[in-house]
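Hi,

Here is the structure I promised to pass on to you. Have a look at it first, and then read on for what turned up.

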Amino acid sequence: RGAEWSSGPKRWFHEENLVMCAVDLFVAGSETTSTTLRWGFLYMAKYPEVQGKVECHEEIDRVNGQSRQPSLADRADMPYTDAVLHEVQRIGNIVPLSLHRTAMCMLSLFQGTEIIPNLTSVMFDKSEWETPDTFNPQHFLDKEGKFVKRTAFIPFGAGKRVCLGENLAKMELFLFFTSLLQRFSFSFPAGVMPSMEYSLGVTLNPAPYEICAVPRQPEHH
Ligand code: HEM
């Protein structure tokens, strides 16, 4: 790509670019969101009291009931669910070393220096989080139960090259998570011990797990 730029004419759209765009859509655009959701349902099964607050006692039933599909406009009225999703992203930490970058100009770094941002060190920082190693949605809630932003929440990276799909991902996560929790309760099959094992592939994935999705209210036909 470097050669192409330096020896013009500048061609931005060519086969390699097209292939990489398709890869981006599948890996960056879909694997990340589905992995986050898999962490989310795992944590819901492990912490039924948190799940209960999201789905029935508090938010989804109050804001949406059982008949209306959740929409993005509901997010502002669902601070607890929003906090749960943020906490799933923090502790799920699916892109622990962000994307590798190369310094392009001489600042305090030599040009060409490889940079590996360590997002884990920020999202588990003991001086930033009250209980860094525990799944705790209160990290994102104030005393009145309102949602609070945290500067150390950086699952999408930071700065000029922050994740391009951040807003899309947040929308997708909210809609899939709330729609599924509106309809189902998630629990582990009898006798199955919850495991929080993970493997690091393209993203940091929960180990394959068995889970029961039990309809919350039988459909009446
Ligand atoms: C939960 C979901 C996602 C997470 C955790 C995530 C995380 C990240 C991270 C950590 C980076 C590197 C940012 C940096 O260098 O500071 C990144 C870059 C990127 N992401 Fe995402 N991402 C997610 C979803 C998506 C989606 C849905 C899309 C597109 C539809 C997307 C497209 C991209 C692209 C194109 C870049 C490169 C941006 C650049 O180099 O300027 N991501 N993402």
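Let me start with the ligand: helix H2 gives the largest share of the shell around it, 4 residues. Please keep in mind that this is a predicted model. Two elements, H2 (15–46) and H7, each give two or more residues to that shell. In total, 21 residues surround the ligand, and the closest are Ala28, Thr32, Arg101, Arg161 and Cys163. Sorted by class, the shell has 12 nonpolar, 7 polar and 2 charged residues.

- Arg161 places a polar side-chain atom 2.6 Å from an oxygen atom of the ligand.
- Ala28 has a polar backbone atom 3.3 Å from a nitrogen atom of the ligand.
- Ala158 has a polar backbone atom 3.3 Å from an oxygen atom of the ligand.

Next, the cysteines. The structure holds 0 disulfides. For Cys21, the nearest cysteine sulfur belongs to Cys163 and is 15 Å away. Cys21 is partly exposed at 41% relative accessible area, and Cys163 also counts as partly exposed, at 31%.

Finally, the second largest pocket holds about 340 Å³ of space. It is lined by 19 residues, and those closest to its centre are His86, Lys149, Phe153, Glu166 and Lys170. Helix H5 (79–92) and helix H7 (166–183) are the elements that give two or more residues to this lining. The lining divides into 10 nonpolar, 3 polar and 6 charged residues.

Best wishes

Methods:
Residues numbered from 1 in each chain as written. Predicted model: local features only at pLDDT ≥ 70, side-chain atom pairs only at ≥ 80, totals over all residues. Heavy atoms only, no water. 1 Å grid on protein atoms, 1.4 Å probe; cavity = no way out; pocket = protein on both sides within 12 Å on 5 of 7 lines; lining within 4 Å. Points joined across faces, edges and corners; volume = space filled by probe spheres on them. Nonpolar A, V, L, I, M, F, W, Y, C, P; charged D, E, K, R; others polar. Disulfide = S-S within 2.5 Å. Buried < 20%, exposed > 50% of the residue type's maximum accessible area, 1.4 Å probe, protein only. Near = heavy atom within 4 Å. Polar contact = N/O pair within 3.5 Å; in protein donor to acceptor, adjacent residues only side chain to side chain.
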